[in-house]
Amino acid sequence: MQFGRSYEEFEVGATYKHWPGKTVTEFDDHMFCLLTMNHHPLHLDTHYAEETTQFGKNVVVGNYVYSILLGMSVPDISGKAIANLEIESLRHVAPTFHGDTLYGETTVLDKWESTSKDDRGVVHVETIGYNQDGKVVCIFRRKVMVPKDNYLEARGGEQPGRPTPQPDKNWPGPDAKAD
């Protein structure tokens, strides 16, 4: 299974549909809020949300929605990235609730070669996230520096840094004869 892409593999206009989706649980949302010290009652206090908000229930914190979608896009977009250069825009256009399942897809808007190093380029992409009903909830654009094929070849190919299993007393190696 491919993990990320080199510069040459991106085509302007291509759309990558990220799979699988992620169902957001109350636990996920509360843990993210607590880890990031976002204690707003809209996310953590059911009574508050039911009694005082237009939604009548807790809303998943937006940064968690963004983080899920960004993570979903890694195998298709930035799995080989040298650097994430910029989040150009981030819009939360509809709420996400506990129990919603998020799906995402990313479209390549543009790409260009680096002007300072000939072994990399920049890819400009837009990711949309939507729920199980197809309602778009989040849209963001970012720029990612990705390697060219020659960069990857110089560093070990498709899976750079991957070690080779070494035979020892617990595993005799692939060439050992089975008993």
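## Report on a predicted protein chain

L70 is partly exposed, because its relative accessible area is 23%, and the class in between runs from buried, under 20%, to exposed, over 50% (1.4 Å probe, protein chains only). This is a predicted model in which local features need pLDDT of at least 70 and side-chain atom pairs count only at pLDDT 80 or more, while totals for chains, interfaces and linings use all residues. Residues are numbered from 1 along each chain as its sequence is written, and side-chain values use heavy atoms, with hydrogens and water left out.

L70 lies in helix α4 (residues 62-78). Not counting residues up to four places away in sequence, L70 touches F140 and R142, where contact means heavy atoms within 4.5 Å. R142 is 72 residues from L70 along the chain, and their C-alpha atoms are 10.0 Å apart.

D28 belongs to helix α1 (residues 26-35). D28 counts as buried because its relative accessibility is 16%. Leaving aside neighbours within four places in sequence, D28 contacts K22, T23 and Y64. Y64 in turn touches K22, V24, D28, D29 and F32, with residues up to four places away not counted.

Y64 is also one of the residues with the most contacts inside the largest nonpolar core, together with V65 and L102; this core has 16 residues. A nonpolar core is a set of buried Ala, Val, Leu, Ile, Met, Phe, Trp, Tyr and Cys residues joined through side-chain atoms within 4.5 Å. At least two core residues come from each of α1, α4 and β5 (136-147), and α4 gives the most, with six. A second, separate core has nine residues, including F10, Y16, I77 and V123.

For the protein chain as a whole, there are five helices and five strands, in the order β-α-α-α-α-β-β-β-β-α from the N terminus. These are DSSP runs, with helices (H or I) of at least four residues and strands (E) of at least two, numbered from the N terminus. Chain-level values are tabulated below.

| Property of the protein chain | Value |
|---|---|
| Radius of gyration | 21 Å |
| Box of C-alpha atoms along the principal axes | roughly 65 × 55 × 30 Å |
| Buried residues | 39% of the 179 residues |

The radius of gyration is taken over C-alpha atoms, and the globule rule is 2.2 Å times the number of residues to the power 0.38. A compact globule of 179 residues would have a value near 16 Å. Of the contacts with a separation of 6 or more, 71% join residues 24 or more positions apart.
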